[in-house]
Amino acid sequence: GNHTLLTGFVLSGMSSRPELQHLLFFSICLVYSMTLMGNLLICMVTVHPALHMPMYFFLRVLSFLDISTASVVVPKMLASLVSEDRSISYLGCVTQLYCMVFLAATEWYLLAAMAYDRYVAVCSPLRYPTIMSTRACLALVLLSCCSGQVVSVVQTAWVFTLSLCGPRRINYFFCDIPPLLMLSCADTSRYEKQLISATALVIFAPFCLILLSYSCIICSILKISSAEGRNKTFSTCSSHLTVVTLYCASGTLIYLQPKSSGSQDAKKIIALIYTTVVPTLNPLIYSLRNKEVKEVLIRVME
């Protein structure tokens with residue numbers, strides 16, 4: 001324990017094959033650059049007066065969280081690909097885990113808030129400006145952050161109270177709960193159950209709220225007599241549903257498997273998709289499928 005506290009850990013990275021290091025570096029660097037540019041563009045576009053709506057306020061916050069998620073993991077991973085030093089300090093590992101859990105949990109609660117926004121917009125359009133006021137939007141974002149903070153503090157605290165007496169080498173490219181559990185010399189079955197419970201709280205509770213919101217939305221869409229109106233409403237909601245599906249699939253595959261099941265390389269690939277590819281896809285999904293965002297993008301670029 002004291003040895004780990006003083007020396008920290010060593011991250012194995014994505015691959016131990018030297019011939020793949022440069023290819024991985026340039027590929028991940030390209031994806032990271034696209035993540036930064038795409039999400040920064042969304043942040044700048046959504047402050048345009050034509051997009052002063054709660055939906056775009058939430059989208060701006062989501063883009064900021066995506067930038068933060070990628071930035072917590074990718075720079076350290078890129079450095080390890082071009083350097084022999086893959087070590088990370090004990091405090092650095094704690095900080096990385098805390099930030100990742102906080103950002104992931106906050107994003108899920110924010111996605112639930114975005115679903116509620118769509119529900120009010122479709123099912124109660126006349127009351128929408130009153131219900132989704134600026135104060136209400138800020139309160140939903142603050143509530144998402146506070147919930148993420150609680151989850152992150154609890155999860156980080158109990159992981160690092162475990163007796164980590166195994167080797168300092170983490171078979172992963174960042175500090176996350178499943179690979180850290182593998183370093184414990186104690187029975188972690190109870191902690192695995194806690195992880196499943198926490199994952200259910202973070203993923204499936206918001207997911208159920210999202211499903212409930214969209215069940216009501218679909219019922220309202222079917223009542224719209226105009227085919228054009230139905231298509232426009234569904235197009236607005238489908239972008240959000242696509243993002244939710246991506247987060248749900250990757251998060252479930254990473255955190256709802258026992259530590260002994262599945263290939264570690266496969267888990268690394270899923271985690272890489274979650275931390276780098278999904279944040280890159282979000283701006284594309286919202287901009288390509290949203291007419292208003294595309295129109296403002298064209299104006300900004302002209």
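Which backbone oxygen lies 2.8 Å from a polar atom of the side chain of Thr156? The first legend gives the answer.

The model is predicted: local features need pLDDT of at least 70, side-chain atom pairs count only at pLDDT 80 or more, and totals for chains, interfaces and linings use all residues. Residues are numbered from 1 along each chain as its sequence is written, and side-chain values use heavy atoms, with hydrogens and water left out.

**View 1. Thr156 in helix α6.** Thr156 belongs to helix α6, residues 134–159 (helices are DSSP runs of H or I with at least four residues, strands are runs of E with at least two, and both are numbered from the N terminus). The backbone oxygen of Ser152 lies 2.8 Å from a polar atom of the Thr156 side chain. Thr156 has a relative accessible area of 7%, so it is buried (buried means under 20% relative accessible area, exposed over 50%, partly exposed in between, with a 1.4 Å probe and protein chains only). Leaving aside neighbours within four places in sequence, Thr156 is in contact with Val94, Leu97 and Tyr98 (contact means heavy atoms within 4.5 Å).

**View 2. Leu180 in helix α7.** Leu180 sits in helix α7, residues 177–181. Its relative accessibility is 0%, so Leu180 counts as buried. Leu164 is 16 residues from Leu180 along the chain, and their C-alpha atoms are separated by 8.1 Å.

**View 3. The largest nonpolar core.** This core has 84 residues (a nonpolar core is a set of buried Ala, Val, Leu, Ile, Met, Phe, Trp, Tyr and Cys residues joined through side-chain atoms within 4.5 Å). Helix α4, residues 90–123, supplies the largest share of the core, 17 residues. Phe9, Trp108, Leu111, Ile170 and Leu180 have the most contacts inside the core. Beyond four places in sequence, Ile170 touches residues including Phe9, Val10 and Leu180.

**View 4. The open sheet.** Three strands form an open sheet in the order β2-β1-β3, with mixed pairing (two strands pair if DSSP finds at least two bridges between them). β2 (87–88) and β3 (169–170) stand at the edges with a single partner strand each, so one side of each is left without a neighbour in the sheet. Strand β1, residues 9–11, runs parallel to β3 and is joined to it by 2 bridges. Val10 has Arg169 in β3 as its bridge partner.

Conventions: Polar contact = N/O pair within 3.5 Å; in protein donor to acceptor, adjacent residues only side chain to side chain.
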